[in-house]
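Here is a colleague's note to read alongside the model. The points are numbered and can be taken one at a time.

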Amino acid sequence: MTVMGLCLDLGSCGFANRDKARFCAQCGIPTRGALLQGRYEIQQLTSKDRGTVTLQAIDRYAGQPVIVRALVPRESSAKTREDFLQDAELAVALSSRIQEAGSVRVVDYGQDGPLAFLVKSEYEPVTDEQGPTASAQSLAQVQRDIWKATQTPFFGLDDEDATVRMAVPGKHKTTQPQGQRDWLMEGNQAYEQGSYEEALGAYEAATAYNSSMVEAWSGKGASLLHLGRSEEALSAYDQAIALCADNPELWTSRGSVLHELGRYDEEMACYDQALKLNADYVYAWSGRGMALAEQNRPEEALLAFDRALLLDPRQCNVWQAMSDTLYSLQRYDEALLAIDRAFEIDDKRASLWDTKGNILRRMKQPEQALPLHEQATQLDAYNATVWFDQGNDLRDLMRFPEALASYDRALSLDPTLAGAWYNRGNVLAALHRYEEALASYDEALKYDEGLTSAWYNKGSLLHELKRHEEALVAFDRALAADAHYIAAWNNKGLSLFALGSLDEALAALDQATSFAPEEPDAWYNKAVVLEKLGRQQEALTCQQWAQSLDQRKGHIEV
């Protein structure tokens, strides 16, 4: 029999929830025993007034009672929650100045699932025998780019709403004994200002003063990660977890560091551990989804994103990541729906405009994609990739001079963007500026030697310029990367024929027809070579077969 738990609001709701539900399925307030952000354990409801509830809770970090005031999700709008959290942030800042024993201060705030809340506690001065009072944890963001420049900038995540949260110290002041500098507060302030070296020094001083200060260790880890010192960041998070092993946020942060180190199996284990501690921890689900997407496990990633969005449908970055993943599966209609949900939350991000534009271009709608990419360039004029994507729209619309200008702008911002050099070469070739096109292909290959299509296009252009020996080198490089590249075999055969190497030309065309027996071009070319070799009957057979393939294609097209 399933155990049911009554909603704490017996007067207005009283809904019978399933056992282990963190929030009431009807009104949305937390249930008895629920952990908010893995820290505040709800005990009971003390009052309700005009859309808010007041609850008693235990701060599991500090081991002391606290008061949680929260908006009732069913009775609050997104605007109400935003205003509430802004007011709570101000209250935390003002409360940090209060140091009178027995006074009640707002010490933390945040949103967990559907619930916007703040936390109050009674101020108790710290003595030398006590450790510093555990303070609130604010949440730094780690940005992750899953997709690289030749695709879409799928993970140009903005700081407003990142999906993998790093546990770092909060915004309010942690008290210290009289005369002792508050290193933790100084570290928090420096971190928020982006002064990571300064923040690191302050956190190190805080841990030297009290080595059991969890927030200082997590702040040190976050600062080190921003400074590119990932191994040291991992050690700092390990120390924080040793002190507070039941905090899912710390495990999620540790997973982010392991991602930077390329230790993906361990990263996944961290998200799994976070979810063991709190199966509804939205940031562990979103982090897990990101990791799965990057490991080319898109179907599993989508399941993780679904879970994250079920817990918090206002996560803009998760909708964007879901859209990116669906895009990679060529499920463009679904990708478009997901990116539109992200737009409903935040339409000021260049990455969203860019992503939606790329989806529309893949759906063969470049005329609709172009204004979206133009908007992306206005929002982020120094982002090379959005200029590159705008150039692709213009290329598809055959507006080649404008496309060239967009590629040039992209390359002025990032000269290592191989895809932009490659597409620039294609546009220059279309404009009959062949030498410039060859130079552009060479630049593309300088930054990405494995760009097979660039080797092929370079070879084809050299063939047209009657530089057949150079063309053969390029075709061989393309075929070394992809032995089934039919067009490369065909054009290699043409270059060999032009050089008078008939037997080698025939061998290349044999490869083309064996890999693609339904393609007529290689059969026509093979007939020409056979005729030149005096093998008339075979040439006639090849020609007749090519004609039949052409006729068959014509019927299919009709």
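**Notes on the predicted model**

1. Gly 194, which follows helix H2, has a positive phi, near 80°. H2 itself spans residues 183–192, and its buried residues are Leu 184, Gly 187, Asn 188, Ala 190 and Tyr 191. Buried means under 20% relative accessible area, exposed over 50% and partly exposed in between, with a 1.4 Å probe and protein chains only. Helices (H or I, at least four residues) and strands (E, at least two) are DSSP runs, numbered from the N terminus. In an α-helix there are 3.6 residues a turn, so residues three or four places apart point the same way.

2. This is a predicted model, in which local features need pLDDT of at least 70 and side-chain atom pairs count only at pLDDT 80 or more, while totals for chains, interfaces and linings use all residues. Residues are numbered from 1 along each chain as its sequence is written, and side-chain values use heavy atoms, with hydrogens and water left out.

3. The average pLDDT (the predictor's confidence in each residue, from 0 to 100) is 86 for the chain, and 88% of the residues score at least 70. Residues 126–165 have a pLDDT below 50, yet this stretch has 153 contacts in the model beyond near neighbours in sequence. Contact means heavy atoms within 4.5 Å. Over residues 168–175 pLDDT also stays under 50, and the model has 54 contacts there beyond four places in sequence.

4. Where does Gln 111 sit? Strand S7, residues 104–112, contains Gln 111. Its relative accessibility is 23%, so Gln 111 counts as partly exposed. Outside the four places on either side in sequence, Gln 111 contacts Gln 37, Arg 81, Leu 85, Ala 116 and Phe 117. For Leu 85, the separation from Gln 111 is 26 residues in sequence and 8.2 Å in space, C-alpha to C-alpha.

5. In the model, residues 384–417 are 79% helix and 0% strand, with the end C-alpha atoms 8 Å apart. Residues 452–485 are 79% helix and 0% strand, with the end C-alpha atoms 9 Å apart.

6. Helices H21 (residues 502–515) and H22 (residues 520–532) have axes that come within 9 Å and cross at roughly 155°. H21 is therefore roughly antiparallel to H22, a term for angles over 145 degrees. Among the residues making the contact are Leu 502, Leu 506 and Leu 509 of H21 and Trp 523, Val 529 and Leu 530 of H22.

Methods:
Axes are lines fitted to C-alpha atoms, for helices over the stretch in contact, and angles run from 0 to 180 degrees between N-to-C directions. Angles under 35 degrees count as roughly parallel, over 145 as roughly antiparallel, 65 to 115 as roughly perpendicular and the rest as oblique.
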